[in-house]
Amino acid sequence: MQRHLSRGRSGRQNKSNGQPQITGDLQQMLDRIVAESGHSPDIVIRHLKIGGPVPTPVKAAIVYLNALSNQQMINNFVIKPLMELDPERVNAYPTDRLMKYILEDALTLGETSVVNEWNDIMMAVLSGDTVLLVDGSDQGIVSGTAGGEWRAVNEPTSQLVVRGPKDSFVESIATNISLIRRRIKSPDLWLESMKIGSVTHTHVAMMYLKSSADPDLVAEIRRRLKEIRIDGVLESAYIEEFIQDKTITPFPTIYNTERPDVAAGNLLEGRVVVLVDGTPYTLILPTVFAQFMQSPEDYAQRFDISILMRVIRYICFVILLLGPAVYVALTTFHYEMIPTLLLVSLMAQREGVPFPAFVEAVIMEVVFEILREAGVRMPRAIGQTVSIVGALILGQAVVEAGIITPIMVIVVALTGIASFALPSYNLSIAGRLFRFYFLVLAGLFGFYGITLGLIMLIAHMNSIRSFGVPYLSPFSPFVPQAQKDAILRLPIWMHGWKPLMTSSQQDVKKTGEIKRMSGGSSGEAQGQSDPTQKGQEQSVGRESGQRKKADPDEK
C-alpha cells in the first residue's frame, strides 16, 4: 500500500512545536534551506549586494526552484529592480524600513507578500515562488514567479462532442480556474482555496455561484474538505473518496469532468465545482443519476434530436444491464415466450455446444472484458487494432469450434456496444458490474430473479444520497419543474438561467426527503464559520426565495 494513500493523524498538517523562525543570519538561513532540501541541485541561490559597492552594501539573496519558476520574471522583475535601488536610501534605512521599501517601491511584480514563518519560506520555494532574504532581517519577501512547463489546453479525450467547445482542463489549477472565469464573468462566482496533504500540500479550490448555490451545501462541502487527513493528493479521486456520502456502491455519487463548459453549466445550476491541482478532472457535486445520461452536445443540438439521443442512452443502459440476463432466462426457463421459428433456430444452433447458456454468457462476458482492458492498456498505435482483430478472430473461432453459439456472440457484442454509448465512463463501469449480478440471478431463477434484482437495484439507488440530494431525483422524489432537463431536453428558452438544482433541492426539502447529511450536520459546520458570513448567506437565501416567489415560471 502506498504511503500517500494512508490517513494521517489529526495533527499531521499543523506546524510542529518549536519550529525555528527566520533568524536574520543570511548565511545560516541559506545553509538551512540547502540542508532541508537535501542539497538538491535545482535549488538556485543568487547572492546580491543591495545598495552598490559603497559605503556598506546590504547582503541579500534570492532563492527559487529552477524547474518550477519563471526565469524571465525573476530576471526582469526581481533581480533587475534590486540591482537598481538607490544606494543612499538603502544605506539610510534600518533593516525593517528597508524591507518595506523593497516591497513597496522596488519589486514590480503584482503578487508579493511578507512572511515571518520558516515553513512559509520553504513552501514558497517548493511551490515555484522566489524568496528574498536580507541579512539582519527576520522577515522574507515572497514573489509570485511560479511557472514551469504545463500541458497546453487541447481537445478533451474522454468527453468528445461533434459540436461544442473543444478546450479542456489541464493539470494546472490556475489555468483551470481561468477557463471557468472566462465563461462566467460575474462577481457572484466565488472561489475558496485550501491546501490538502501533509506531504504534497496540494492546492484544492472550490468554486460556486453565491446567489445560486445552497449555503448549507457549500458549508458541508467546505467542512468535509477541511477534515481530510492524508499524506498526499495526486488525483481528484482521492478527494472524491473522502467526501462522498456512500462509498459502498458501484454507482458514482460525484460527477467528474474535464470540460470547462460542463463545469460552468453546473455552476449556473447551483452546484459546486472542486478543482485539484495536478489533474484535469474536476469534481461536480451534488450529482444525480440523470446527470450521467446527459452529454455536453445535448445543448449544442436541436432539442428534438437531443431528446432522441437521451432516450437511446437510457435504452442502452437497460441493454447493458439486462441483455445477457434476458437471453439466459429465455433459453433456460421460459421457452414458451420465444416465437416458434426463432426457438427452432436457437435449438439448432445449440446442437453440439457443450455448455449451457449461462456458462456461455459468463465466458463471453469475461473474454469481452479482457479484450476491453487490453485495448485500453496497450499502446495507442496498436491498442484498437488488437482489440478489434482479437474480437473478430476469437468470435469466429469459438463459433466454428462449437464452444459458443452465434446468437450469444451477437448478444455480448450488442451489450458491449451499448456500454460505449453512455456518456459517463463511471456509470458504464457500474452497469458492467451489475450485468454479472443480473446474469447470475437469471441463471438461477429466470425472469423471477431478474424482477427481484430490479427491485433491489431500484431500492439501492433510491437510498443513495449525494450531499443530501436523492440520487434518483428528479424522478424519485418527483420534481415537476426539473423534468424540463431530465429524460427530456426542452428548448433552452423554456429553462431560463435559474438555478434548477437549488429549486429541486427546495422542492425535495418540502417533502421531507432530504435527511441530515452524513458525517455531521451542515448547520454545525456553518455555525463554526464567521457570523458575518453566515448572515450574508442567510440574506442571500432570503433574496433568492423572494425572487422565486415573484417569478411566475417557477410556480
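## Helix packing, burial and backbone features

Helix α5 is followed by Gly 128, a residue whose phi is positive, near 100°. Helices (H or I, at least four residues) and strands (E, at least two) are taken here as DSSP runs numbered from the N terminus. The model is a predicted one, in which local features need pLDDT of at least 70 and side-chain atom pairs count only at pLDDT 80 or more, while totals for chains, interfaces and linings use all residues. Residues are numbered from 1 along each chain as its sequence is written, and side-chain values use heavy atoms, with hydrogens and water left out.

The secondary structure of the protein comes to 20 helices and 12 strands. Of its 555 residues, 46% are buried, where buried means under 20% relative accessible area, exposed means over 50%, and partly exposed lies in between (1.4 Å probe, protein chains only). Among contacts (heavy atoms within 4.5 Å) with a separation of 6 or more, 69% are between residues 24 or more positions apart.

Returning to helix α5 (residues 118–126), its buried residues are Trp 118, Ile 121, Met 122, Ala 124 and Val 125. These residues cover an arc of only 160° around the axis, which puts them on the same side of α5; the arc is that of the directions from the helix axis to the C-beta atoms. What covers the buried residues of α5 includes α1 (26–36), β1 (43–50), β2 (58–65), β3 (112–115), β4 (130–134) and β5 (140–143).

How do two packed helices lie to each other? Two packed helices are described by the angle between their axes and the distance between the axes. Helix α10 (residues 303–332) packs with helix α12 (residues 357–377) at an angle of about 160°, and their axes are 9 Å apart. Axes are lines fitted to C-alpha atoms, for helices over the stretch in contact, and angles run from 0 to 180 degrees between N-to-C directions. The two helices α10 and α12 are therefore roughly antiparallel to each other, a description used for angles over 145 degrees. In this contact, Pro 324, Tyr 327, Val 328, Thr 331 and Thr 332 of α10 meet Ala 357, Phe 358, Ala 361 and Glu 365 of α12. The residues of the contact of α10 with α12 divide into 6 nonpolar, 2 polar and 1 charged, with Ala, Val, Leu, Ile, Met, Phe, Trp, Tyr, Cys and Pro counted as nonpolar, Asp, Glu, Lys and Arg as charged, and the others, Gly among them, as polar.

Thr 415, found in helix α14 (residues 406–420), counts as buried at 0% relative accessibility. Not counting residues up to four places away in sequence, Thr 415 touches Ile 319, Leu 320, Gly 323, Pro 324, Glu 365 and Arg 435.

The backbone also has positive phi values in residues other than glycine, as tabulated here for His 201 and Phe 467.

| Residue | Phi | Relative accessibility |
|---|---|---|
| His 201 | near 50° | 30%, partly exposed |
| Phe 467 | about 55° | 2%, buried |

His 201 lies in the loop between β6 (189–196) and β7 (202–209), whereas Phe 467 is found in the loop between β11 (465–466) and β12.

A cis peptide bond, with omega about 0°, joins Leu 285 and Pro 286, and Pro 286 lies in the loop between β10 (282–285) and α10. A cis peptide bond with omega about 0° also joins Ser 476 and Pro 477, the latter in the loop between β12 (469–470) and α17 (492–495).

Terms used. Parallel < 35°, antiparallel > 145°, perpendicular 65-115°, else oblique.
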